[in-house]
Amino acid sequence: MTLFMKLRPACGWRYWVLPFLMATATAQVAPSPAPKTSAQPVPYASVSQLNLMLSQLEQAAEATQVDLAKLRIERWKTDSNTKRGIQSDVESIQRNLQMALPEIIAQLRASPENIAATFKLYRNLDALYDVFGPVAESAGAFGSKDEFQSVQNDLSTLERSRRSLAERMETLASAKEGELTQLRTQVRDLQAAAVPAPAPPKKVVVDDTEPPKKPVKKKTVPKPPKPSAPATTQPPGTSTSSQPPAQQPQPQL
């Protein structure tokens with residue numbers, strides 16, 4: 001009874017996960033166009049890894065459908081409402097495995113490294129796991145040992161596929177991010193080569209260190225010469241000589 005009480009909250013996932021499973025299955029009436037394949041060749045290692053992963057997933061889906069068909073839910077030791085809820089979950093899982101999952105796998109095979117298609121498959125597996133988990137727990141609580149063991153093995157295989165797909169999706173995202181970074185660098189280099197580089201601005205060097213000022217020598221102004229005394233003018237008839245006139249000889253007696 002304690003296990004049954006634990007299962008009740010888990011069944012609440014059905015109210016939001018089941019609409020997704022039903023919408024995915026009914027979408028096959030008008031199938032969406034396959035994603036466009038990339039122009040660049042996909043590495044062989046990447047294609048091989050994906051093909052192996054999808055093959056294992058397809059085998060797990062077939063085994064799960066067989067095991068779900070073997071469940072005798074009407075014989076389980078629980079009330080009618082619980083049986084109807086579990087049966088509804090099983091039918092939703094079967095519709096998804098038969099209709100939605102093969103179409104999504106085909107889209108991903110057509111474009112092995114398409115992140116959108118990869119994420120679409122991961123989201124579908126995630127929804128399947130959320131519904132399949134409570135069914136396996138109910139089989140352990142109300143069904144036979146063989147029923148529980150078979151669906152539990154199917155659930156474990158589904159979980160491994162989901163984990164592997166998540167790791168691949170992370171690797172693809174990292175690779176795409178590296179390609180985008182490389183393309184941005186190439187575009188930046190091409191733009192820089194097309195546009196001529198502007199002339200570098202002229203540098204004006206300002207020398208803030210003032211040299212020590214030299215002492216200013218005062219210019220010596222030469223003194224003007226003293227004016228000479230003017231020459232004295234003598235009256236006419238006078239000798240310019242300063243010597244006294246020679247005495248004339250006296251006549252001798």
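User: Which residues line the largest cavity?

Analyst: Rolling a probe the size of a water molecule over the atoms shows where empty space is left. A cavity is a set of points, on a 1 Å grid over the protein atoms alone, where a 1.4 Å probe fits but cannot get out, and lining residues have an atom within 4 Å of a point. Here the largest cavity is lined by Leu57, Ala60, Ala61, Thr64, Ile93, Leu97, Leu101, Leu128, Phe132, Asp154 and Leu158. This is a predicted model, in which local features need pLDDT of at least 70 and side-chain atom pairs pLDDT 80 or more, while totals for chains, interfaces and linings use all residues. Residues are numbered from 1 along each chain as its sequence is written, and side-chain values use heavy atoms, with hydrogens and water left out.

User: Which helix gives the most to that lining?

Analyst: Helices are DSSP runs (H or I, at least four residues) numbered from the N terminus; α3 gives the most, with 4 residues, and α3 (44-69), α4 (80-110), α5 and α6 (145-194) each supply at least two.

User: Where does the charged end of Arg162 sit?

Analyst: A charge sits over a ring if NZ of Lys or CZ of Arg is within 6 Å of the ring centre and within 35 degrees of the ring normal. The charged end of Arg162 lies over the ring of Tyr129, 4.2 Å from its centre.

User: How far apart are the end C-alpha atoms of α5?

Analyst: They are 40 Å apart, which agrees with the 40 Å that the 28 residues of α5 (residues 115-142) should span at 1.5 Å a residue, the expected span being 1.5 Å times one less than the number of residues.

How values were computed
On a 1 Å grid over the protein atoms alone, a cavity is a set of points where a 1.4 Å probe fits but cannot get out, and a pocket is an open set with protein on both sides within 12 Å along at least five of seven lines; lining residues have an atom within 4 Å of a point.
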